[in-house]
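Okay, thanks everyone for coming.

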Amino acid sequence: MAAAAAASASRTFLYSQQRLFLHPFCIPSRHIAALSGRRTAVSPPIIRCLHSTSVPQNQEKAVPRPNVVQVLEERGLIESVTDNLRSACCNSTLKVYCGFDPTAESLHLGNLLGIIVLSWFQRCGHKVVALIGGATARVGDPSGKSLERPELDSQTLEKNSIGITDTVARILAASSAGDDDSFLILNNYDWWKEVRLLDFLKQVGRYARVGTMMAKESVKKRLESEQGMSYTEFTYQLLQGYDFLHLFRDAGVNVQIGGSDQWGNITAGTELIRKILQLQADGSADGPHGLTFPLLLKSDGTKFGKSEDGAVWLSPSMFSPYKFYQYFFSVPDADVVRFLKILTFLDTEEITSLERDMKSPGYVPNTAQRRLAEEVTLFVHGEDGLNEAIKATQALKPGADTKLDWKTIEGIAENVPSCSFAYDEVVNVPLVDLSVSSGLVDTKSAARRLLKQGGLYMNNCRVDNESKRIESQDIIDGKVLLLSAGKKNKHWFYEC
């Protein structure tokens with residue numbers, strides 16, 4: 001609402017004859033064993049331990065890895081955790097997975113916490129697996145949903161799977177610190193397409209207790225609703241549990257993570273593993289573990305991750321790095337410190353220092369928000385995406401020194417009001433007339449008044465000459481013209 005209100009006060013218009021084209025991200029195939037039609041064999045990993053009771057002569061003793069559970073707790077990233085995971089993460093190299101059902105072409109901000117927690121495990125020396133739910137998305141997870149998810153066709157699921165894989169691979173590759181073996185992307189359709197119903201009921205179904213399944217919070221809420229729950233949705237926890245069993249038995253994955261609404265599905269998996277593989281239910285380090293993190297909420301208890309246009313997507317083709325950066329720059333003071341802890345990898349000491357600075361008299365407003373926007377944009381969109389966002393932010397400030405070019409304007413073209421004119425409808429046209437025909441102002445008298453007050457800008461340069469006409473050299477790269485109404489501190493967007 002704030003952005004919409006500000007837009008009425010001052011608008012920016014683009015003259016353009018071009019469209020925005022985005023190119024797919026290329027993923028190293030060694031990290032993906034998921035999107036082809038054939039079944040993929042996954043070899044159990046070699047477990048390396050950084051702790052040793054005896055150290056050969058002339059060799060340095062390995063530095064103990066950080067306790068990732070403790071790190072996550074300190075940053076407010078743990079809701080629930082199974083027994084002995086704290087000790088297990090120090091005594092051995094774990095293999096951790098998080099599932100992402102391809103119900104949309106891109107992941108959204110709510111999914112980001114799963115990737116962040118996976119990245120923390122990476123940074124603490126563990127191996128991570130991102131599991132694309134090509135099979136489970138055909139059923140739909142009822143957790144946190146009041147209605148059954150709409151059914152998706154195979155072509156849509158494949159397209160969504162590719163888009164999500166692109167995003168996850170790009171982010172985890174940047175977090176791998178050159179360790180090509182630190183992450184893997186799988187698709188559960190690769191093993192589910194080979195499973196027969198009668199075999200599944202015999203091997204898995206007989207271990208599932210209906211009473212226990214009905215006691216899960218996600219099931220109880222749906223059973224109490226007017227719509228109820230379909231049998232298909234009811235079986236989702238078994239499907240997710242079998243995924244954990246398959247990964248535990250065949251790929252050495254021993255930890256599953258998810259949002260707090262996934263605790264029932266995760267524990268269903270740990271119980272299934274213990275029953276089928278006849279493991280002791282003592283929470284031993286060799287057994288299956290689970291961990292959940294809180295949902296991403298604002299201080300008022302509402303979900304964080306919605307913009308005026310809907311969801312905040314992680315794909316740059318659906319939500320530009322510029323809009324992504326601006327979204328985090330707009331976080332209120334009441335939330336910024338907590339988000340710095342859970343959404344960035346900054347040292348807690350630096351975050352504490354920023355929090356202390358916010359209370360000091362000389363604090364520059366939005367300094368903490370700027371740091372949050374920079375860190376999260378860098379993590380999701382990389383160095384190029386962050387540079388693009390910062391450059392676009394500076395370019396949209398009237399009076400800024402940033403040199404405008406077509407690439408910069410193209411990156412923000414969908415985020416500002418725009419209109420199109422033929423070339424001869426712009427060149428040699430009085431600026432006052434174009435300000436009206438473009439809709440920047442309502443009348444010529446309003447345009448002249450704005451110009452006299454020093455509030456009319458063309459390509460970020462203030463115009464003082466009332467008789468100014470558009471020249472060919474004014475059109476940036478022969479493609480675009482940027483007109484702005486307002487003072488230097490433009491209010492349509494956030495000043496950064």
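This is a predicted model: local features need pLDDT of at least 70, side-chain atom pairs count only at pLDDT 80 or more; totals for chains, interfaces and linings use all residues.

Residues are numbered from 1 along each chain as its sequence is written, and side-chain values use heavy atoms, with hydrogens and water left out.

So, how many aromatic pairs does a search of the whole structure find? Twelve. The rule is that rings of Phe, Tyr and Trp (its six-membered ring) pair if their centres lie within 6.5 Å; planes under 30 degrees apart are stacked, over 60 edge-to-face, and the rest tilted.

Take Phe304 and Phe339, a tilted pair at 4.4 Å centre to centre with 35 degrees between the planes. They're 35 residues apart, and the pair links distant parts of the chain: Phe304 is in the loop between strand S8 (289-293) and strand S9 (306-307), while Phe339 belongs to helix H14 (residues 333-343). Helices (H or I, at least four residues) and strands (E, at least two) are DSSP runs, numbered from the N terminus.

Buried or exposed, for Phe339? Buried, with a relative accessible area of 0%, and Phe304 is buried too, at 8%. The cut-offs there: buried is under 20% relative accessible area, exposed over 50%, partly exposed in between, using a 1.4 Å probe and protein chains only.

Then there's Tyr327 with Phe328, an edge-to-face pair: 5.8 Å between centres, planes at 85 degrees. Tyr327 counts as buried at 14%, and Phe328 is buried at 0%.

On to charges over rings, meaning NZ of Lys or CZ of Arg within 6 Å of the ring centre and within 35 degrees of the ring normal. Arg123 sits over the face of Phe345, 3.5 Å from the ring centre, and Arg138 over that of Tyr189, at 4.3 Å.

Now the lysines. Lys468, in the loop between strand S12 (461-462) and strand S13 (481-485), counts as buried at 16% relative accessibility. Skipping residues up to four places away in sequence, Lys468 touches Val429, Pro430, Leu431, Met458, Val463 and Asp474, where contact means heavy atoms within 4.5 Å.

Lys221, in helix H9 (residues 217-224), is exposed, with a relative accessible area of 55%.
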